[in-house]
Amino acid sequence: MTILTSSELLFFIAFFAGILGSLTGLGGGVILIPVLVLLMHVNIYYAMGASLLSVIATSTGTSIASLKTGYMNLRIGIFLEVAAVIGALLGAALILVFNSNKIAVVFGLILLFSIYHSWVRKEHLETKKPSDPIAIKLQLEGTYPSKTGPKSYSVHGVFLGWCIMFVAGVLSSLLGIGSGALKVLAMDQVMKLPYKVSTATSNFMIGITAAVSAGIYFSRGYVDPVLTFPVVLGVLLGSISGSKLLHKINTKVLRMVFSIVVAFLAIQMILKGFGGSI
Amino acid sequence: MKNINFWMGKFLLVSVMLSSVLIAIGGFLYLFHHHPEIVSFRTFHSEPKNLTVLPAMFRNAFLLDSRGLIQVGLLLLFITQILRVGATAWSFLAQKNKLFFGLSLFIFLVLMMSFFWSF
C-alpha cells in the first residue's frame, strides 16, 4: 500500500490502541505490537521501536497529571527504578540472543498473564501493620492527599518488589513495552501501596525504563521514522482522549471485549512464534 | 517540593508538545514528498546510518530532511527523560540526601550511556 494509506491506517490503529490502553489500564504497547505485527505485517523489531517511543511519549504525558495530584512517591519510584534500569540493560542484550520468534512467544505469554491479572486483583485494605524495616531505613513511606488531609501509608515487601521491578525492566526492553501492569502489580500487591500511589509512581517509572532501551534501539536501527511517526502521534492523542473519556464510559464491558480480543492476539503471537513465522 | 513539581510539569508539557510538533512536521513533510510510494515494513534491514547515529540525525533535521526531523522529535522524548532524572538527582543533592542522590545519579548515568550508545 502507499505510504499515505499506510500512515493513515497506522495512525488510527495507534489511536485506538492509545484509547483502549488508557481506558483499560493495560497500556498501549501490549495491544499495539501484536496488531502491527499480525495485521499490518510490520516486522517485530520495527513494531517494538515504534511502541517503545510511544510508551515514552505517553508516560511523559500522563505523568504531568500525576505531578499535580501528589500521589506519586518519588523515593519509591527512584529506588525501584534502579532495578528496572538494570533489567532493561539485560533485556536489550537478550534481544540479540533471542530470535524474533522467541520474542513473539514471550510476548504472547506476557499478554495472557496481563489479561488474567487485570481481572484478578485482590483488593487489599490499607494494612495497619508497620512497614518493612528496609522501607523505614530508606525513608520510602509517604502520604497521599485525601479529603481529610494527608494520609500516610506503610510500605512492605521491598526486596520482592525490587526483584519484580527488575523483571519488569527486562520485559520492557525485550518486548518494547512499558511493563506498567507488572510495575503496578508489584507496588499494589506485593508492596501494598495504595492503588493510586502505585499507578502514579508507575507512570513516572515507565518512561525512564523505556528511555534506557531507547538509545540502544535507535543505534540498532529498530526505530523507523516513517513507521514511528504516525504511531507515536496516534498513541499520544489516543491516550489523551482516553483519559478524558474515562469518566463517561462503562469500562467493564469494554475491558471484557478488549480482554477477549487481546487474548486472541496473544494466542496468535504464540502460535506464530512457535511456527517460526514472525 | 511543590515548586519543583510545578516546573517539572511545565517542562514535561513543553517537551511533549515540542516533540509532537517536530514529529508532525517531519511526518507531513515526508508524506508530502513520498505519499504515492509503496511501502512495506515487513523485512528488517537496519536503518541507514544517518538516521541512527546522533550527530547525523541532528544534521539532517537541521537541513529540514523530513525523516531527520522525525528522528530528532523522537530523540527529544528520550532526552526529556534523561533531563528529568538529572533534575531529580539535582533536587536530592540540594536536599543533601546522599542516598537518593546516588540512586538517581546511577539511573542518570545509565541513561547517558544509552544516549551515547547511539553515537
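## Burial and model basis

A residue is termed buried under 20% relative accessible area, exposed over 50% and partly exposed in between, with a 1.4 Å probe and protein chains only. By this criterion A:Y222 is buried at a relative accessible area of 4%, and A:Y217 is buried at 0%.

The model is predicted: local features need pLDDT of at least 70, side-chain atom pairs count only at pLDDT 80 or more, and totals for chains, interfaces and linings use all residues. Residues are numbered from 1 along each chain as its sequence is written, chains are lettered from A and ligands numbered from 1 in the order in which they are written, and side-chain values use heavy atoms, leaving out hydrogens and water.

## Interface of chains A and B

In contact (heavy atoms within 4.5 Å) are 58 residues of chain A and 58 residues of chain B. About 5,000 Å² is buried between the two chains, 76% of it on carbon and sulfur atoms; buried area is the accessible area (1.4 Å probe) that two parts lose on being put together, summed over both. On the chain A side, A:I3, A:F218 and A:F229 lose the most area to chain B, together 14% of what that side buries.

## Aromatic pairs

Over all chains there are 14 aromatic pairs, defined for rings of Phe, Tyr and Trp (its six-membered ring) with centres within 6.5 Å; planes under 30 degrees apart count as stacked, over 60 as edge-to-face and the rest as tilted. A:Y217 and A:Y222 pair edge-to-face, at 5.1 Å centre to centre and 80 degrees between the planes.
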